[in-house]
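Here's a quick report on a few spots worth a look in this model. Have the sequence and the 3D view open as you read.

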Amino acid sequence: MSNPLPAVRSIGPARLTAGLERAERLGLHAHLQVHGPLGPLSQRALIALAEDIRLTGRGGAGFPFARKLRAVADAVDRRTLAPVVVVNATEGEPAAWKDKVLLTRAPHLILDGAALVAWALRAEEIVVCVADDGVGEQSMLAALAERELPAPARLIRVPHRFISGEGGALIQGINGLPYIPPGIKRRASDGGVGGHPTLLSNAETFAQLAIAARMGPRRYREAGTDEPGTVLLSVTGSAASPAVVECPTGTPLAQVLDVCQVPAGPAVLTGGFHGRWIDMTTAYRAVVSRHGLTAVGGALGAGIVLPIGAGTCPIGEVARVVHYLAAESAGQCGPCRLGLPARSTGWRPAPAIRAWSGPPPRR
């Protein structure tokens with residue numbers, strides 16, 4: 001691979017990562033061998049499936065996917081305009097790798113989910129958004145060339161910045177404007193790409209939908225706890241074996257840290273730069289789920305787990321995060337335009353929080 005990725009590991013039976021222990025990338029033929037064929041679902045059936053498995057967005061906000069589907073379907077009925085499906089695979093945070101792994105190694109799962117939505121909503125277009133850092137782009141272009149989709153599809157390169165993947169900023173950029181959030185909040189379902197009702201969701205969310213459509217809700221719910229299914233976690237930081245880990249919800253976070261050989265240290269950043277710090281003792285009694293991490297003061301967010309080592313100052317790491325966010329801000333509100341730069345002025349340390357940058361280890 002031209003772009004090194006962290007290892008991929010699974011705790012329990014692999015779903016999203018199935019087959020990746022045997023292949024660097026699943027082309028269409030290998031993908032179908034591993035996952036099997038997938039046919040269309042009606043709009044009603046797709047909404048029922050998303051509700052039954054309680055599917056939420058995996059980009060950080062955790063918004064119920066069935067509500068998005070309903071909102072777009074209602075807007076289509078009101079406005080008699082064909083909708084657009086947008087796959088957000090931009091992943092702008094430095095420590096985020098799960099969507100890049102899917103793009104690079106299992107792109108057809110993402111496209112399967114987008115196809116299900118396009119079939120159900122009778123979409124006129126599918127737009128796949130990737131960061132312009134090159135990670136996963138060629139793999140997704142190859143996947144688009146390997147298959148037919150129920151609507152024309154195109155790939156958009158998005159500036160690799162923290163703010164670019166925010167939903168409103170992404171719609172702005174697709175529409176030819178700067179990749180910053182609009183001044184007025186507007187739901188994509190009411191008017192997104194080209195003014196059309198738009199369903200926008202994270203790459204992993206579409207992949208999870210594709211898994212659930214094949215398994216059916218009962219089998220899908222066999223993994224996980226109160227939040228059914230599995231999650232993908234990007235574990236980097238002080239981990240001796242950085243990895244994207246797939247695990248059922250309810251898995252002890254301690255097991256994830258042990259799999260990635262995380263040494264003792266003062267704290268773990270959970271959820272990403274919009275997430276929460278928890279101390280290592282708390283991390284070792286937490287469970288992986290939105291509710292489980294929130295209960296101990298953490299956050300699932302975008303699936304980022306970033307431990308820091310014993311010799312690292314937690315306050316210094318917080319300062320580095322603030323400095324990064326100040327530089328990435330769109331500058332549209334007082335706290336970001338004034339507060340973050342004020343907190344980081346005068347001290348500009350080199351980034352110490354590291355994302356994966358070494359050679360791609362085997363699973």
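E51 and R70 form a salt bridge, with their closest N and O atoms 2.6 Å apart. A salt bridge here is a side-chain nitrogen of Lys or Arg within 4 Å of a carboxyl oxygen of Asp or Glu. The pair ties together distant parts of the chain, 19 residues apart, with E51 in helix 2 and R70 in helix 3. Search the whole structure and you get 14 salt bridges.

This is a predicted model, where local features need pLDDT of at least 70 and side-chain atom pairs count only at pLDDT 80 or more, while totals for chains, interfaces and linings use all residues. Residues are numbered from 1 along each chain as its sequence is written, and side-chain values use heavy atoms, leaving out hydrogens and water.

## How helix 2 meets helix 3

Helix 2 (residues 43-52) packs against helix 3 (residues 65-79) at about 155 degrees, and their axes are 8 Å apart. That makes the two roughly antiparallel, a label for angles over 145 degrees. Axes are lines fitted to C-alpha atoms over the stretch in contact, with angles running from 0 to 180 degrees between N-to-C directions. Helices are DSSP runs of H or I with at least four residues, and strands are E runs of at least two, numbered from the N terminus.

On the helix 2 side, Q43, L46, I47, A50 and E51 make the contact; helix 3 brings F65, A66, L69, R70 and A73. Contact means heavy atoms within 4.5 Å. These residues split into seven nonpolar, one polar and two charged. Ala, Val, Leu, Ile, Met, Phe, Trp, Tyr, Cys and Pro count as nonpolar, Asp, Glu, Lys and Arg as charged, and the others, Gly among them, as polar.

## Around R157

Over in strand 4 (residues 153-158) sits R157. Leaving aside residues up to four places away in sequence, R157 touches V130, D132, E137 and Y179. The C-alpha atoms of R157 and V130 are separated by 5.3 Å, though these residues are 27 apart along the chain.

Technical notes
Parallel < 35°, antiparallel > 145°, perpendicular 65-115°, else oblique.
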